[in-house]
Amino acid sequence: MRITIVYDNEAQLEGLRPDWGFSCLVEDIDMPTILFDTGARGELLLHNMKRLGVDPGKIGLIVISHAHGDHTGGLAHVLAENEHAEVYVPASVRGSVPGRTLTRVSEPVRLCEKAYSTGELSGIEQSLALETDSGVVVVTGCSHPGVGRILTAAAAFGTVSGLLGGFHGFRDFGQLEDLPLICPCHCTQYKAEIRRRYPEQCLECGAGLVVDL
């Protein structure tokens with residue numbers, strides 16, 4: 001399984017554009033390609049996809065973590081390039097997308113082979129739980145419900161071995177101690193402290209980062 005950071009506050013590869021927001025691509029031979037969140041600006045998202053060789057028309061599932069604009073801004077642009085992707089949003093999300101059916105998620109649910117939603121937590125946000133050979137890797141948007149609650153919800157699908165995405169103001173760093181993979185992205189306020197405490201487990205996030213699981 002492979003996770004590619006498509007949209008982030010920072011960029012790791014020349015030609016990719018950083019911006020406040022988050023999006024990543026999840027790929028594996030046994031599952032449809034998943035786009036998790038769509039960043040803030042659609043034209044920038046599509047630019048980064050093109051530079052990374054990502055065809056938006058081949059995305060099978062789009063999962064939106066929560067309804068904030070820095071995670072939903074590129075949705076319309078992707079859907080304009082993709083006629084078939086299923087779209088999963090938290091149950092609290094209002095509105096519609098013309099010509100598309102939105103699946104509203106409230107409880108934990110299997111999205112496809114190897115991928116699950118934690119369900120909407122705290123009435124705002126869902127996270128991805130990915131089955132890998134080394135355990136469950138959790139992908140978050142902003143962790144508004146709290147990292148601890150998200151990890152507990154994801155543990156229903158197996159032993160959690162990794163956490164990637166936005167952690168917001170999370171600072172109970174001891175909860176990360178047993179995770180072999182930590183990748184703080186986007187809105188994480190204490191990236192430097194997490195890297196200082198866990199230099200061997202922690203990856204530097206940024207658009208263009210590829211994580212093979």
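This is a short walk through the structure shown above, which is a predicted model.

Seven strands make it up: 7 strands form an open sheet in the order E6-E5-E4-E3-E2-E1-E13, and their pairing is mixed. At its edges you will find E6 and strand E13 (210-212), each of which pairs on one side only. If you compare neighbouring strands of this sheet, they are turned by 20° against each other on average, direction ignored.

Now look at one pair in the sheet. E2 and strand E3 (residues 31-36) pair in the antiparallel sense, with 4 bridges between them. Here Asp 28 has Met 31 in E3 as its bridge partner. Helix H1 (residues 42-52) packs on this sheet and touches strand E1 (2-7), E2 and E3. The direction of H1 makes about 135° with that of E1.

Moving along the sheet, we come to E5. Strand E4 (residues 61-63) pairs with E5 in the parallel sense over 3 bridges, and Leu 61 stands opposite Glu 86 in E5. E5 and E6 also run parallel, joined by 4 bridges; one place to look is Tyr 88, whose bridge partner in E6 is Thr 103. Is E5 enclosed or open? Of its 5 residues, 4 are buried, so E5 is largely enclosed by the rest of the structure.

Arg 100 sits in the loop between strand E5 (86-90) and strand E6 (102-105). Which side chain of opposite charge is nearest to Arg 100? That is Glu 83, at 7.1 Å. The side chain of Arg 100 does reach the backbone oxygen of Ala 85, at 3.4 Å. Leaving aside residues up to four places away in sequence, Arg 100 touches Leu 79, Asn 82, Glu 83, His 84 and Ala 85.

To find the pairing by eye, look for Val 136, which stands opposite Val 160 in E11.

With both sheets in view, we can turn to the charged side chains. The model has 10 salt bridges by the distance rule used here. One of them joins Asp 28 to Lys 114, where the closest N and O atoms are 2.9 Å apart. Asp 28 lies in strand E2 (residues 23-28) and Lys 114 in the loop between E7 and strand E8 (115-117), so this pair ties together parts that are 86 residues apart in sequence. Asp 28 has a relative accessible area of 19% and is buried, while Lys 114, with 22%, is partly exposed.

Another salt bridge stays within a single helix. The side chains of Glu 193 and Arg 196 meet at 2.8 Å, N to O. Both lie in helix H5 (residues 191-197), and they are 3 residues apart, about one turn of the helix. Glu 193 counts as partly exposed, at 22% relative accessibility, whereas Arg 196 is exposed, with a relative accessible area of 56%. Elsewhere, salt bridges that share partners join Asp 19, Arg 41 and Glu 43 into one network.

Terms used
Residues numbered from 1 in each chain as written. Predicted model: local features only at pLDDT ≥ 70, side-chain atom pairs only at ≥ 80, totals over all residues. Heavy atoms only, no water. Helix = DSSP H or I, 4+ residues; strand = E, 2+ residues; numbered from the N terminus. Buried < 20%, exposed > 50% of the residue type's maximum accessible area, 1.4 Å probe, protein only. Lys, Arg positive; Asp, Glu negative; His and termini not counted. Salt bridge = Lys/Arg side-chain N within 4 Å of Asp/Glu carboxyl O. Polar contact = N/O pair within 3.5 Å; in protein donor to acceptor, adjacent residues only side chain to side chain. Contact = heavy atoms within 4.5 Å. Pairing = 2+ DSSP bridges. Axes fitted to C-alpha atoms, helices over the stretch in contact; angles between N-to-C directions.
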